[in-house]
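Dear colleague,

I am passing a structure on to you with this email, and below it I have written out what was found. Please open it next to the text and look up each place as you read.

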Amino acid sequence: ALPISRGVLETHQTSYRKEIKFENFARGITYWDTTRTPIFDNGKLKYMMLTTSESTEKALKTLRIESQNKLIEQQKEQLERQKDELEQKNRQLNSILENLSEGVMVTDKNGKYIMINSEAKKLIYQSNQLTDLGDSTKYTQYFDLEGISIPYEKLPGVRSLRGERVKNAKMFVKNPDREFYMENSSSPIYN
């Protein structure tokens, strides 16, 4: 780009420059807007009209906004990377859970199912219709090894919702499709 005065002289056009930085003032860095308008008489420059106004406050505000926008973009990129990493770890965890030889069921704190792996689905009667812990008792009965019915509130999953850890509870399960023995462990997960 041509220096402002030379450009005005060559183009015969008004020149406007925004936020020109000056560092030599005692009060520090300042910014200025300037307009230079050449006035010609018979093709010769007669006057140069110069208008200058300080724009330090506006320039500093613009610089702050640009800096904040850059920071926001960096944070956005970092969040995207973290999201991608979490999604990858979630896929890995789901793959591990799906390939276990044990049945795994996860509920939220209200007993609503979040995840049931394929092995657990094989054990549960009409597993595709389950939404919460209580649903399994509609068609399935649970008994201890002495043949005594286990009430809903004493089932391992329900007990873990109350904060209990249940390890290796042996039970007999009876549903319309089949009957089998099962060992059940359940534990609360705190986040």
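**Salt bridges and a surface patch**

Lys 112 and Asp 132 form a salt bridge, with the closest N and O atoms 3.2 Å apart, where a salt bridge means a side-chain nitrogen of Lys or Arg within 4 Å of a carboxyl oxygen of Asp or Glu. This pair links distant parts of the chain, since Lys 112 sits in the loop between strand S4 (105–107) and strand S5 (113–116), while Asp 132 sits in the loop between helix H3 (118–123) and strand S6 (141–143), 20 residues apart. Helices (H or I, at least four residues) and strands (E, at least two) are DSSP runs, numbered from the N terminus. Lys 112 counts as partly exposed, at 39% relative accessibility; buried means under 20% relative accessible area, exposed over 50%, and partly exposed in between (1.4 Å probe, protein chains only).

Before you go further, please note that this is a predicted model, in which local features need pLDDT of at least 70 and side-chain atom pairs count only at pLDDT 80 or more, while totals for chains, interfaces and linings use all residues. Residues are numbered from 1 along each chain as its sequence is written, and side-chain values use heavy atoms, with hydrogens and water left out.

A search of the whole structure finds 12 salt bridges. One of them joins Arg 27 to Glu 54, with 2.9 Å between the closest N and O atoms. Arg 27 lies in the loop between strand S1 (15–25) and strand S2 (28–41) and Glu 54 lies in strand S3 (residues 44–54), so the pair ties together parts that are 27 residues apart in sequence. Arg 27 is exposed, with a relative accessible area of 57%, whereas Glu 54 is partly exposed at 36%.

Another salt bridge brings together the side chains of Glu 183 and Lys 170 (3.1 Å, N to O). Here too distant parts of the chain are linked, with Glu 183 in strand S8 (residues 179–186) and Lys 170 in strand S7 (residues 166–174), 13 residues apart. Glu 183 is partly exposed at 47% relative accessibility, and Lys 170 is partly exposed at 46%.

Finally, Leu 9, Leu 45 and Met 48 form a nonpolar patch on the surface, with about 220 Å² of accessible area together. Patches are made of residues with over 30% relative accessible area and no salt bridge, with like charges joined within 9 Å and nonpolar side chains (Val, Leu, Ile, Met, Phe, Trp, Tyr) within 5 Å; accessible areas come from the Shrake-Rupley method with a 1.4 Å probe, and for residues only the protein chains shown count as cover. Leu 9 lies in helix H1 (residues 4–11) and is partly exposed, with a relative accessible area of 36%.
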